[in-house]
Amino acid sequence: MALRVALGLPKWTPNIVLMKIVGQEVLSEKIKRLAAQFFMRQLANGVHSPIYDQNCKPGIKLIKRDEVMLANLFTELDTSTDHIIAFPDTLISRSNFCEIFLSDFSFQNKAHPAFLIKDLFKEVVYKEFQDYHIIATDASKSHSFTSIAGISNLQSFVYRIHPINSIFTAEALAICQALDELSVTDKNLLLLADSYSVLQAL
C-alpha cells in the first residue's frame, strides 16, 4: 500500500503491475517527479500564476530558508519565475469581446479533403474576417520536450517549456503567449488553434 501511495497508483493496482512499474522507474525519482508536479500545481494558484491578479501585491513573504529551497527547486526544474508565462495585460486592461467558434464554419469539418478545407477556409476569411489580424498557434509534446509556437504574417515565436507541462497546458499557453506577443492594437484578431479541448475550456 505504501508503494501504491508513493507511486500515485490506485489502491486496487495488482501486485504484478505494481512490481513492473517499480522496476521501470527508481522510486526516489518517481517521488521527486510527483513532488515537482505537485509543486507546479501549487504554483499555478499562487503569486506566479497566470490567473493571479498582477496588479495585486502579494501579502506573503517567504522566510530565508524557504526562499533558498524555492530557488533550489527552480534550479532543479531548469526554470525560474521569469519563465512562467502570465496572461497579457491586454486581457485585463481592455474591454475585449471574444467569440469562440468550435464547429460553426464548414472548413472545421475534418471529413472534408484537405484541398476543400483550404478553399473553404479562404472563403470564410474573405467573407467574415477580411480586416482581421490572423494568428495561428500550436503545441507539441514528446517524452523529453514540450514546446509552444505562434505565427502571424508579421512575426512568430517558438518556446520550449518544461516537459512536466501537459499538451493541454501547452496549447493554452501558446494561445496566451500569442495574445501577448503577436496581437496588434489597431485590429481585430482572429486566432486559430487546433486544440478543441482548450477552446471548449475557454
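Author: Happy to! Val 184 counts as partly exposed because its relative accessibility is 22%; buried means under 20% relative accessible area, exposed over 50%, and partly exposed in between, with a 1.4 Å probe and protein chains only. This is a predicted model, in which local features need pLDDT of at least 70 and side-chain atom pairs count only at pLDDT 80 or more, while totals for chains, interfaces and linings use all residues. Residues are numbered from 1 along each chain as its sequence is written, and side-chain values use heavy atoms, with hydrogens and water left out.

Val 184 sits in the loop between helix H7 (167-181) and strand E4 (189-192). Helices (H or I, at least four residues) and strands (E, at least two) are DSSP runs, numbered from the N terminus. Setting aside neighbours within four places in sequence, Val 184 is in contact with His 133 and Leu 154, where contact means heavy atoms within 4.5 Å. Leu 154 is 30 residues away from Val 184 in sequence, with 9.7 Å between their C-alpha atoms.

His 133 is also touched by Leu 182, whose other contacts, not counting residues up to four places away in sequence, include Ile 135, Phe 157 and Gln 177. Leu 182 belongs to the largest nonpolar core, which has 10 residues, among them Ile 135, Ile 148, Phe 157 and Leu 173. Such a core is a set of buried Ala, Val, Leu, Ile, Met, Phe, Trp, Tyr and Cys residues joined through side-chain atoms within 4.5 Å. Strand E1 (133-141), strand E3 (156-161) and H7 each give two or more residues to this core, and the largest share, 4 residues, comes from H7. Another core, of 7 residues, lies apart from it and includes Phe 105, Leu 120, Val 125 and Leu 190.

Phe 105 leads on to the rings. Rings of Phe, Tyr and Trp (its six-membered ring) pair if their centres lie within 6.5 Å; planes under 30 degrees apart count as stacked, over 60 as edge-to-face and the rest as tilted. There are 7 aromatic pairs by this rule. Phe 101 and Phe 105 form a tilted pair, because their centres are 5.0 Å apart and their planes stand at 50°. Phe 105 is buried at 17% relative accessibility, whereas Phe 101 is partly exposed at 24%. Phe 129 and Tyr 132 pair edge-to-face, at 5.1 Å centre to centre and 90° between the planes.
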